[in-house]
Amino acid sequence: QVRLVESGGGLVQPGGSLRLSCTASGFTFSSYGMSWYRQAPGKEREWVAGVSSTNGVTSYPDSVKGRFTISRDNAKNTVYLQMNSLKPEDTGVYYCNAGLQSPRFGSWGRGTQVTVSS
């Protein structure tokens, strides 16, 4: 059974930083690319970062490129998202899932809330 547990969110001022973590179980973590997604109030869930399974190649949409960094630790079955220079439009619930740009699994974790506000 796939289980994804996100943590690390919170309230931060514009320009601040947060580091999110997602611990996965129920599948062979090292064999899958992993991604982070976010869902803002009233909007659809969107992809914000991906890291490949084999060589750790990362990819981002233009909206977060240069500000967000995704990484993974296969020994800990964990994927991270370092978010710097946060903006109010980064506010939302952040989720992880397997796959690159498209979620591999239909089940999602609870996510972690990120609020960027002064």
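Tutor: Three bridges tie β9 to β10, and the two strands run antiparallel. Before we go on, two ground rules. This is a predicted model, where local features need pLDDT of at least 70 and side-chain atom pairs count only at pLDDT 80 or more, while totals for chains, interfaces and linings use all residues. Residues are numbered from 1 along each chain as its sequence is written, and side-chain values use heavy atoms, with hydrogens and water left out.

Student: What makes β9 and β10 a pair?

Tutor: Two strands pair if DSSP finds at least two bridges between them. β9 and β10 have three bridges, so by that definition they pair. Gly 92 stands opposite Val 114 in β10.

Student: What makes a stretch a strand or a helix?

Tutor: Both are DSSP runs, numbered from the N terminus: a helix is H or I with at least four residues, a strand is E with at least two. By that count the protein has zero helices and 10 strands. From the N terminus the order is β-β-β-β-β-β-β-β-β-β.

Student: Which strands form the open sheet, and in what order?

Tutor: Six strands form it, in the order β2-β10-β9-β4-β5-β6, with mixed pairing. β2 and β6 stand at the edges with a single partner strand each, so one side of each has no neighbour in the sheet.

Student: How is β5 linked to β4 and to β6?

Tutor: Five bridges join β4 (residues 34-39) to β5, antiparallel. Trp 36 stands opposite Ala 49 in β5. The hairpin of β4 and β5 has six residues between the strands, and Gly 42 takes a positive phi near 75°. On to β6 (residues 58-59): two bridges join β5 to β6, again antiparallel. Val 51 has Thr 58 as its bridge partner in β6. That hairpin also has six residues between its strands, and Gly 56 in the turn has a positive phi of about 70°.

Student: Why are β5 and β9 called largely enclosed?

Tutor: Buried means under 20% relative accessible area, exposed means over 50%, and partly exposed lies in between (1.4 Å probe, protein chains only). In β5 (residues 46-51), five of the six residues are buried, so the rest of the structure largely encloses this strand. In β9 (residues 92-98), seven of the seven are buried, so the same label applies. Across the protein, buried residues make up 44% of the 118 residues.

Student: Is Thr 78 buried or exposed?

Tutor: Buried. Thr 78 has a relative accessible area of 6%, and the cut-off for buried is under 20%. Thr 78 sits in strand β8 (residues 78-83).

Student: What does Thr 78 touch?

Tutor: Leaving out residues up to four places away in sequence, its contacts include Ser 21, Cys 22, Phe 29 and Arg 72. Contact means heavy atoms within 4.5 Å.

Student: Is Leu 11 buried or exposed?

Tutor: Exposed. Leu 11 has 65% relative accessibility, and the cut-off for exposed is over 50%. Leu 11 touches Thr 115 and Ser 117, not counting residues up to four places away in sequence. Its C-alpha lies 9.2 Å from that of Ser 118, 107 residues away in sequence.
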